[in-house]
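Let's take a friendly walk through a protein model. Have the sequence and the 3D view ready.

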Amino acid sequence: ARALDMAARHHNYTTIAIAEPLDLFFLRADLEAKYGSALKQTLGHGVAFNPSLTGVRQGVPLNSYKSNAMTFAEANELLDYGTWLKLVQSGYKLHVAEQKARAAARPHIAELAALAR
């Protein structure tokens with residue numbers, strides 16, 4: 001969720017709500033000013049634009065959704081989006097940024113895999 005929230009902000013969207021375990025809802029930043037108060041009334045103040053959604057938490061165990069456990073191969077494809085974005089913005093070639101971002105994610109992946117055991 002953290003990577004999606006970061007990507008959304010990078011493209012001028014705001015995370016306005018989360019429906020556990022897998023759904024995030026976004027709104028274009030320009031529409032937030034226009035419709036934000038109506039959405040808060042409709043969705044409820046505890047759900048829409050909840051300040052705790054900023055920098056959405058990370059650290060959910062990899063096997064946290066029913067029996068659809070992430071495989072080792074899938075886990076190896078994960079990367080740290082924040083690291084990737086900084087590297088790309090710094091001028092790194094995409095494939096180099098991708099490799100470095102995967103390396104940056106590996107310690108966190110191992111930590112999450114240990115929680116799932």
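The sections below go from the overall layout to the salt bridges.

## About the model

This is a predicted model, in which local features need pLDDT of at least 70 and side-chain atom pairs count only at pLDDT 80 or more, while totals for chains, interfaces and linings use all residues. Residues are numbered from 1 along each chain as its sequence is written, and side-chain values use heavy atoms, with hydrogens and water left out.

## Overall layout

The protein contains five helices and two strands. Here helices (H or I, at least four residues) and strands (E, at least two) are DSSP runs, numbered from the N terminus.

Now look at how parts of the chain touch. A contact means heavy atoms within 4.5 Å. Of the contacts between residues at least 6 apart in sequence, 46% join residues at least 24 apart.

## Surface and interior

The protein exposes about 8,200 Å², and carbon and sulfur atoms supply 56% of that area. Accessible areas come from the Shrake-Rupley method with a 1.4 Å probe; for residues, only the protein chains shown count as cover.

How much of the protein is made up of buried residues? The share is 21% of the 117 residues. Buried means under 20% relative accessible area, exposed means over 50%, and partly exposed lies in between (1.4 Å probe, protein chains only).

A salt bridge is a side-chain nitrogen of Lys or Arg within 4 Å of a carboxyl oxygen of Asp or Glu. By this rule, the count is four.

One of them pairs arginine 28 with aspartate 30, with 2.9 Å between the closest N and O atoms. Arginine 28 is partly exposed at 37% relative accessibility, and aspartate 30 is partly exposed at 49%.

Arginine 102 meets glutamate 77 in a salt bridge of 2.9 Å, N to O. This pair links distant parts of the chain, 25 residues apart: arginine 102 sits in helix H5 (residues 94–116), and glutamate 77 in the loop between helix H3 (72–76) and helix H4 (81–89).

Arginine 102 also forms a salt bridge with glutamate 98, whose closest N and O atoms are 2.6 Å apart. Both residues lie in helix H5, four residues apart, or about one turn of the helix. Arginine 102 is buried, at 15% relative accessible area, whereas glutamate 98 is partly exposed at 33%.
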